[in-house]
Amino acid sequence: MSPTDEGFDQQSQNNWKGVFSISSYTQYFDVDTDVVVNRLISSFYPAGGDFFNKIGANPDLYGLIWITTTLVFMLAAFGNCATYLIQKRTDRTTSWSFDVGYVNAAACGIYGYSLVVPVAFYFLLRYLGSNASLVRFLCMWGYSLSIFIPTAFLLLIPVEILRWIIILIAGTASSCFVTLNLTSYIGGSNDLRMMMIAAFLLQMALAIFIKAWFFP
């Protein structure tokens with residue numbers, strides 16, 4: 001084996017070791033509260049489409065973990081609260097019990113979505129020749145879910161048509177946030193444009209899932 005091959009193998013081993021090293025990820029949690037708050041505010045105003053410019057070379061994973069975990073517990077709690085209110089309005093004699101299945105559904109749905117979707121888009125865009133960044137995608141998709149936290153509280157309103165209006169507005173805002181920020185990685189090819197449409201539809205599908213599963 002030539003020295004060049006040995007050096008390449010050693011570099012590959014070091015790269016893979018970094019993937020499984022906790023110290024490799026500490027830089028993505030070294031973020032101030034003010035920075036997180038500013039990024040949260042940016043996620044509520046999707047029209048700018050400049051989220052990647054705002055995070056610059058300092059994407060964080062703190063927002064991803066904090067937002068998804070908060071959303072999981074809020075969906076489980078408020079989803080159960082919604083079923084309790086509906087049951088008490090329709091039948092006051094039947095006893096009510098906390099549905100633990102909401103916790104499992106929220107954890108699988110939110111954690112799974114926030115990890116699988118950005119990873120899938122990262123590999124697809126890399127395959128299509130775009131210079132995508134996995135950490136930046138995880139950061140952006142994590143903050144895109146922040147709007148569903150106050151939405152979960154508003155979905156306790158016992159008016160079905162109003163619930164649908166609220167979730168569709170939140171879903172549209174979240175979808176626009178993701179789609180507009182993906183434009184910096186997407187050129188003019190039809191394949192890349194289709195990925196923007198797919199990203200929009202996936203965010204809307206998540207919004208409908210939240211409404212249909214936890215606030216039926």
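Which hand does the crossing of α4 and α6 have, left-handed or right-handed? The crossing of these two helices is left-handed, where left-handed means that the near helix is turned anticlockwise from the far one by less than a right angle, and right-handed that it is turned clockwise.

Before selecting anything, note that this is a predicted model, in which local features need pLDDT of at least 70 and side-chain atom pairs count only at pLDDT 80 or more, while totals for chains, interfaces and linings use all residues. Residues are numbered from 1 along each chain as its sequence is written, and side-chain values use heavy atoms, with hydrogens and water left out.

Colour the chain by pLDDT, the predictor's confidence in each residue, from 0 to 100. The mean for the protein chain is 81, with 80% of its residues at 70 or more. Where pLDDT is low, the predicted coordinates should not be read in detail.

Next, select α4 (residues 62–90) and α6 (residues 134–144), whose axes come within 8 Å and cross at roughly 30 degrees. Axes are lines fitted to C-alpha atoms, for helices over the stretch in contact, and angles run from 0 to 180 degrees between N-to-C directions. The pair is therefore roughly parallel, given that angles under 35 degrees count as roughly parallel, over 145 as roughly antiparallel, 65 to 115 as roughly perpendicular and the rest as oblique. Show Gly63, Leu64 and Ile67 in α4, which meet Leu138, Gly142 and Tyr143 in α6.

Finally, select α4 with α5, whose axes come within 9 Å at a crossing of roughly 150 degrees, so that the helices are roughly antiparallel. This crossing is right-handed. Residues to display include Leu71, Val72 and Leu75 in α4, and Ala106, Ile110 and Tyr111 in α5.

Methods
Helices (H or I, at least four residues) and strands (E, at least two) are DSSP runs, numbered from the N terminus. Contact means heavy atoms within 4.5 Å.
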